[in-house]
Amino acid sequence: MAQIPNLDNAPLNLTHLREQSQKELVTILKNIRGKKCLVIDPKLSGSISLIIQTAILKEQGVELRHLSAETIQTDCSKVVYLVRSQVTLMKYISSHIHNDTSKGLQREYFLYFVPRRSVACEKILEEERVHNLLTIGEYQLYTVPLDEDVLSFELDLSTKEYLVDGDTSSLWHIAKAIHKLEFSFGVIPNVRAKGKASVRVADILNRMQAEEPVNSPDVVVPEINTVILLDREVDMVTPMCTQLTYEGLLDEFLHINNGSVEVEASIMGGQQEGKKMKVPLNSSDKLFKETRDLNFEVVVQILRQKATSMKQDYTDVTSNNQTVSELKDFVKKLNSLPEMTRHINLAQHLTTITSKSSFLGQLDMEHTIIEAQSFDICLEYIEELIHKQEPLVTVLRLLILFSITNSGLPKKTFDYLRRELLHSYGFEHMVTLKNLEKAGLFKKQETKSNWLTVKRALQLVVEDTDTANPNDIAYAFSGYAPLSIRLVQHAVRSGWRPIEEILKLLPGPHSETKRGRFSSSASFDTLQGAANNVDKVADGRRSLVLVVFVGGVTFAEISALRFLSSQEGMAYDLIVGTTKIVSGHSLTETFVGKMDDPKAKLAYIAHNHPGDQDRSYLRQIVTVSRQGSQHRNTVAQSPSSSLVEWQIAYGCIPARSASASTCMADCACRINLAKCCNASPCIILSNHTNTSTS
């Protein structure tokens with residue numbers, strides 16, 4: 001089965017979008033005549049594979065390579081780079097060109113940024129003196145159709161970049177992607193937004209429409225009636241919970257990437273140990289389309305029934321009493337045997353995980369945390385996981401869930417858990433904890449939690465959920481109704497006005513905008529059915545609501561949206577737009593400080609090599625502490641930098657601290673700061689005469 005999904009049944013003409021993107025890439029390659037080596041950023045290869053088949057690329061005389069620090073081995077005289085705007089990748093490209101030049105190789109180099117070029121990247125190329133050797137352009141791939149009703153903007157770090165780094169470039173990207181959709185399907189008349197990032201995206205979208213208006217006189221009624229923009233920050237509870245739909249569980253444990261999973265061949269019944277194989281997962285697979293959105297318990301029953309039915313059919317065939325017509329029907333059923341075998345193997349693998357007591361215990365704890373009524377039990381469970389040194393991301397997911405539902409943790413508990421985490425997993429994870437604190441995911445409690453109020457008002461916990469015959473979106477998490485989807489449910493059925501007070505309890509502002517020539521039409525709140533003209537497109541199909549998740553969406557949330565769209569009386573089809581498909585694991589992992597991060601590496605070195613420091617060097621370091629990046633670079637380049645220096649340089653603690661004990665607790669350092677806590681940044685260490693280990 002092809003990895004590229006079949007989009008024929010999509011509620012929007014996504015095939016046109018894909019063909020347009022494919023045509024643009026082919027045009028770029030055709031304009032570079034002759035044989036060429038196409039070097040693709042590894043992070044883009046999955047997205048490109050959903051747009052265009054390898055065979056079409058090879059028809060353009062292309063050799064395919066992945067970009068890395070290693071030299072490109074090719075006989076081609078033309079090298080085409082297709083990359084994201086990342087500084088690290090510019091270093092790789094520069095290194096390749098310098099290497100070719102040193103060997104006397106004469107080549108033409110082409111660089112295409114996806115989706116747009118950046119000044120910072122071109123500055124690096126100029127500094128490396130290769131800018132004039134490159135022909136530079138853009139491949140404006142803003143949207144990738146992952147399936148019939150899912151569009152991805154492929155921004156896997158957008159949440160961390162916005163919440164931690166303060167980088168808002170992804171918001172422009174999202175607005176641009178939506179604006180490009182409007183050129184194909186008409187101006188979207190209604191825009192709802194909840195959360196700081198989403199409101200900014202709505203503002204940018206309006207500005208784009210003013211500067212580059214969409215003129216579509218042939219579109220009588222726009223195909224997309226409303227766009228609902230939701231910040232991931234508004235609902236960080238849902239992704240931290242374990243998904244219990246079939247597709248959600250596959251992503252939790254096998255990590256779906258661009259519509260496929262890579263698994264050990266042994267899981268799929270293969271004999272070769274250690275060999276991996278790719279298994280495509282999209283709506284082109286009929287059995288997967290039927291089962292992907294169901295609770296996993298139900299999927300197991302369905303697969304068992306189908307296998308039993310096929311076995312019975314086989315028994316009937318061997319009885320020699322079958323007519324030709326019956327034999328023909330049996331052969332048709334045999335065509336689905338590979339699909340069934342594939343999903344039975346995958347389901348069997350998932351069952352070995354979901355039947356473990358550790359998995360069931362974690363599910364129980366997640367529900368206990370969501371209930372928000374057993375603080376001590378939850379704390380004790382998390383503490384036990386830390387002491388057992390369970391995988392860090394597993395612990396952090398529960399910790400984030402615990403912190404969010406309590407609006408932070410009491411200072412004593414917060415300091416204790418932070419200290420235990422650093423002792424168990426290493427001091428390099430001070431970066432991780434700082435990232436989580438800055439993002440508001442693991443922090444000290446400053447106000448009383450309003451989670452119980454939100455939970456009750458929106459009925460987020462549904463007792464006695466029937467997973468086999470669900471009547472509520474809570475089936476996707478076996479009793480918990482995802483907050484994000486509850487907000488969408490209210491938006492499309494009765495509007496947000498009835499729950500305005502609840503919206504105010506959630507992070508960030510909310511807004512509603514009417515745009516284009518429909519700005520004088522009835523409020524979206526009143527659109528209960530498909531009676532209004534704005535509610536139906538020209539051919540009578542239900543109008544569309546585009547739900548955009550700024551920061552990522554889980555497969556279980558997509559399943560819940562599909563469930564909503566299929567309900568009787570629903571006036572709209574729902575289509576999902578997202579910066580990236582995420583799970584609790586992948587989302588949490590973006591906040592984890594890696595050892596190749598200089599900040600994490602320095603924290604690790606400082607903790608493990610706490611000897612006396614060179615006084616003159618320390619004075620020099622702290623003297624330039626006000627010079628920002630210059631100071632940070634100096635610290636980063638020295639393996640002897642103390643942990644205190646690193647903390648001050650990167651803003652983890654202020655240069656002035658209330659007391660020595662606070663400094664010790666805040667940075668878990670080994671240096672006694674008793675004599676310098678009230679010193680100015682310039683003399684903090686010149687006054688420091690005694691060092692000792694704590």
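1. Buried here means under 20% relative accessible area, exposed over 50%, and partly exposed in between (1.4 Å probe, protein chains only). In a regular strand the side chains alternate between the two faces of the sheet. Helices (H or I, at least four residues) and strands (E, at least two) are DSSP runs, numbered from the N terminus.

2. This is a predicted model, in which local features need pLDDT of at least 70 and side-chain atom pairs count only at pLDDT 80 or more, while totals for chains, interfaces and linings use all residues. Residues are numbered from 1 along each chain as its sequence is written, and side-chain values use heavy atoms, with hydrogens and water left out.

3. β3 runs parallel to strand β1 (residues 36-40), joined by 4 bridges; V80 is the bridge partner of L38. With strand β4 (residues 108-113), β3 pairs in the parallel sense over 6 bridges, and V79 has Y109 as its bridge partner. Two strands pair if DSSP finds at least two bridges between them.

4. β3, helix α4 (residues 87-102) and β4 form a right-handed β-α-β unit. Right-handed means that, with the strands pointing away from the viewer, the path from the first strand over the helix to the second runs clockwise.

5. The whole structure holds 8 aromatic pairs. Y246 and F296 make a stacked pair, 6.2 Å centre to centre with 20° between the planes. Rings of Phe, Tyr and Trp (its six-membered ring) pair if their centres lie within 6.5 Å; planes under 30 degrees apart count as stacked, over 60 as edge-to-face and the rest as tilted. Y246 is in helix α10 (residues 246-254) and F296 in helix α12 (residues 296-317), 50 residues apart. Y246 counts as buried because its relative accessibility is 0%; F296 is buried at 6%.

6. The F375 and F402 ring centres are 4.8 Å apart and the planes lie at 40°, so this pair is tilted. F375 counts as partly exposed because its relative accessibility is 26%, whereas F402, at 1%, counts as buried.

7. Two arginines lie over tryptophan faces: R116 over W172, at 3.8 Å from the ring centre, and R192 over W496, at 5.4 Å. The criterion is NZ of Lys or CZ of Arg within 6 Å of the ring centre and within 35 degrees of the ring normal.
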